[in-house]
Amino acid sequence: MSIAENRRARYDYHIEEQFEAGVVLSGWEIKAIRAGQVQLTDGYVMIKDGELFLIGCRINALRSASTHVNPEADRTKKLLMHKAEIRRLVGKVEQRGFTLVPLNLHYKGGRVKADIALAKGKAQHDKRETEKKRDWEREKGQIMRHKVSSKG
């Protein structure tokens, strides 16, 4: 079940590979996520000292958050993956000009997981091409619906 999706990532980047990573969260963050108080649009993944960190994922605290906890909405969250996978990602990001982008947050087995993608940025003309394809698909669907309804 999807929690939050970064639709902008598929528009701005060519997605090469997709990975799933665990997310280290505190209790108030889990409660806020269950209440739908999460944004992933400005998020990106950074590699530091052989570890992955999710930056820019905003989780707004609930009003009923505990009084002894100081919730920080833009806290950097650590991502959990196998060391071999992380090493492979580090090599691709450093050598070939790839970047790591979060695609979505979802539940798996009661835990919150993040789908991250190895991606390359799109040029402006690629973005326009993506928009044209999306518009054509929408028009094609409308034409087909119109033809089906006019036959009956």
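**Figure 1. D49, out in the open.** With a relative accessibility of 75%, D49 counts as exposed (exposed means over 50% relative accessible area, buried under 20%, partly exposed in between, with a 1.4 Å probe and protein chains only). D49 is found in the loop between β4 (44-48) and β5 (51-55). Helices (H or I, at least four residues) and strands (E, at least two) are DSSP runs, numbered from the N terminus. The phi angle of D49 is near 55°, a positive value in a residue other than glycine. A quick note on what you're looking at: this is a predicted model, where local features need pLDDT of at least 70 and side-chain atom pairs count only at pLDDT 80 or more, while totals for chains, interfaces and linings use all residues. Residues are numbered from 1 along each chain as its sequence is written, and side-chain values use heavy atoms, with hydrogens and water left out.

**Figure 2. F19, tucked into strand β2.** Is F19 buried or exposed? At 9% relative accessibility, F19 counts as buried. You'll find F19 in strand β2. The C-alpha atoms of F19 and L89 are 9.9 Å apart, although 70 residues separate the two along the chain. Across the protein, 32% of the 152 residues count as buried.

**Figure 3. K120 over the ring of F98.** Here the charged end of K120 sits over the F98 ring, 5.0 Å from its centre. To count, NZ of Lys or CZ of Arg must be within 6 Å of the ring centre and within 35 degrees of the ring normal.

**Figure 4. Inside the largest pocket.** This pocket holds about 200 Å³ of space. A pocket here is an open set of points on a 1 Å grid over the protein atoms alone, where a 1.4 Å probe fits, with protein on both sides within 12 Å along at least five of seven lines; lining residues have an atom within 4 Å of a point. Grid points are joined across faces, edges and corners, and the volume is the space filled by probe spheres set on the points. Among the lining residues are G22, L25, R34, L80, Y107 and K113. Which element gives the most to the lining? That's β9, with three residues. β2 (13-23), α2 (27-34) and β9 (111-121) each supply at least two. By class, the lining has seven nonpolar, two polar and three charged residues (Ala, Val, Leu, Ile, Met, Phe, Trp, Tyr, Cys and Pro count as nonpolar, Asp, Glu, Lys and Arg as charged, and the others, Gly among them, as polar).
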